[in-house]
Amino acid sequence: MALTVFDSPVGILALQAEDGAITKLYLPGGALPDGGEEESALLRQGREQVLEYLSGKRRTFDLPLAPAGTPFQRSVWRALLAIPYGETRSYRDIALAVGRPRAVRAVGQANHHNPIPILIPCHRVVGADGTLTGYAGGLALKEELLRLEAGAAGKERSPGL
């Protein structure tokens, strides 16, 4: 396991990689694992991409991801990757996208267990009425990420910028 810990505009983050893929992103305030191998080129690239995203300069990530989870969780996480930058979906939308329309609560649990938040954008999932609901990094961070995306998306569409 390789690990990189770094400061970001939202606080201390850490990326973990194993076997050539990102396996975990630790959000501010979470417990970090002990040690790890020397930082890899993949982790340096991951850190750079996360920092570019948080500065509004990046909308998508080009990194190999290997989140550990059940087949259902992985299907939910794939659906999250399909949510465009600057947009949100409801838990029901994701349940429908994975072919399990009655699994709204299970979708919420899969979001809760997403080991690579931000890169797998579970922050883009909101309540049916558009309200912000739980986020592993806290609702303030979720709101900040959504505001970042809305602001960056708006800037790109604004004429004359």
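Which residues form a nonpolar patch on the surface? Val 5, Ile 12 and Leu 32 do, with about 240 Å² of accessible area together. Patches take residues with over 30% relative accessible area and no salt bridge, joining like charges within 9 Å and nonpolar side chains (Val, Leu, Ile, Met, Phe, Trp, Tyr) within 5 Å. A salt bridge here is a side-chain nitrogen of Lys or Arg within 4 Å of a carboxyl oxygen of Asp or Glu, and areas are Shrake-Rupley values with a 1.4 Å probe, counting only the protein chains shown as cover for residues.

A quick word on the model: it's predicted, with local features needing pLDDT of at least 70 and side-chain atom pairs pLDDT 80 or more, while totals for chains, interfaces and linings use all residues. Numbering runs from 1 along each chain as its sequence is written, and side-chain values use heavy atoms, leaving out hydrogens and water.

Now the strands (DSSP E runs of at least two residues; helices are H or I runs of at least four, and both are numbered from the N terminus). S1 (residues 2-8) pairs with S2 (residues 11-18) in the antiparallel sense over 7 bridges; pairing takes at least two DSSP bridges. A hairpin of 2 residues joins S1 to S2, and Thr 4 sits opposite Leu 15 in S2. In S1, 5 of the 7 residues are buried.

Ile 12 is in S2, and Asn 111 is in helix H4 (residues 104-112). Buried means under 20% relative accessible area, exposed over 50%, partly exposed in between (1.4 Å probe, protein chains only).

| Residue | Relative accessibility | Class |
|---|---|---|
| Ile 12 | 44% | partly exposed |
| Asn 111 | 8% | buried |

Beyond its neighbours within four places in sequence, Asn 111 contacts (heavy atoms within 4.5 Å) Val 76, Trp 77, Leu 80, Tyr 91, Cys 122 and Val 125.
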